[in-house]
Amino acid sequence: MGQYALLPLRIFLGVTFVYAGLDKLTDPAFFASGGTGSVGELMRQVRDTSAVPQLVDFALKNPAGFGYAIAVGELAVGIATLLGLVARLAALGGALISLSLLLTVSWATEPYYYGNDLAYLMAWLPLVLAGAPMLSLDAALAARRSRQGRQLFG
């Protein structure tokens with residue numbers, strides 16, 4: 001039963017990141033460089049309180065491009081996590097997205113535990129370390145390679 005311990009975390013993070021990516025991709029206001037609900041406005045609001053203002057400045061050079069990169073990244077990470085395909089790499093991508101949001105958007109949240117990006121970052125770390133050993137395409141591909149290796153080398 002212990003081999004399934006990370007499965008609920010994988011499902012939660014995968015579904016959450018797919019939802020977050022789709023939510024952004026289907027919200028035309030999000031990709032605007034300014035205005036309510038836009039990534040540009042959000043970046044301007046957090047610029048002076050972020051831990052890495054240079055990252056915010058980079059995002060502000062092309063808010064729509066940054067917004068699409070985050071949305072597509074979240075969607076790709078979520079789908080790969082749910083499928084268990086390149087699971088460690090997907091989890092690393094999720095951790096990096098969460099870290100970038102922690103250092104920019106939620107850095108000034110007080111007390112720190114009210115900000116969810118730190119919790120997401122910590123939630124990704126077990127999947128970075130362990131991957132998706134059960135009920136995953138990674139496990140199916142590893143089993144297939146193992147069978148082919150036994151057939152080849154008897």
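This is a predicted model: local features need pLDDT of at least 70, side-chain atom pairs count only at pLDDT 80 or more; totals for chains, interfaces and linings use all residues.
Q: What makes up the secondary structure of the chain?
A: The chain has 7 helices and 0 strands. From the N terminus on, the elements run α-α-α-α-α-α-α. The C-alpha trace spans about 65 × 30 × 25 Å along its principal axes.

Q: Why is Ser98 called buried?
A: The relative accessible area of Ser98 is 2%. Buried means under 20%, and Ser98 is therefore classed as buried.

Q: Where is Ser98 found, and which residues does it touch?
A: Ser98 is found in helix α5. Leaving aside residues up to four places away in sequence, Ser98 touches Phe17, Asp117, Tyr120, Leu121 and Trp124. Each counts as a contact because heavy atoms lie within 4.5 Å.

Q: Why is Ser50 called buried?
A: Ser50 has a relative accessible area of 9%. The limit for the term is under 20%, so Ser50 is buried. Ser50 is found in the loop between α2 and α3.

Q: What makes the approach of Ser50 to Arg47 a polar contact?
A: The side chain of Ser50 reaches the backbone oxygen of Arg47 at 3.4 Å.

Q: Which residues does Ser50 touch, not counting residues up to four places away in sequence?
A: Ser50 touches Val56, Leu103, Thr104 and Trp107.

Q: How do you know that the buried residues of helix α2 lie on the same side of α2?
A: In helix α2 (residues 39-46), the buried residues are Val39, Gly40, Met43 and Val46. They cover an arc of only 140° around the axis, and therefore lie on the same side of α2. In general, an α-helix has 3.6 residues a turn, so residues three or four places apart point the same way.

Q: Which helices do the buried residues of α2 pack against?
A: They pack against α3 (53-61), α4 (63-83) and α5 (87-104).

Q: What share of the chain do buried residues make up?
A: Of the 154 residues in the chain, 36% are buried.

Q: What share of the contacts with a separation of 6 or more comes from residues 24 or more positions apart?
A: Residues 24 or more positions apart account for 69% of these contacts.

Q: How many positive and negative side chains does the chain have?
A: There are 10 positive and 9 negative side chains. The centres of the two sets lie 20 Å apart.

Note on methods: Residues are numbered from 1 along each chain as its sequence is written. Side-chain values use heavy atoms; hydrogens and water are left out. Buried means under 20% relative accessible area, exposed over 50%, partly exposed in between (1.4 Å probe, protein chains only). Helices (H or I, at least four residues) and strands (E, at least two) are DSSP runs, numbered from the N terminus. The arc is that of the directions from the helix axis to the C-beta atoms. A polar contact is a pair of N or O atoms within 3.5 Å; within protein, one must be able to donate a hydrogen and the other to accept it, and residues adjacent in sequence count only if both atoms are side-chain atoms. Lys and Arg count as positive and Asp and Glu as negative; His and the chain ends are not counted. The place of a charge is taken as NZ of Lys, CZ of Arg, CG of Asp or CD of Glu.
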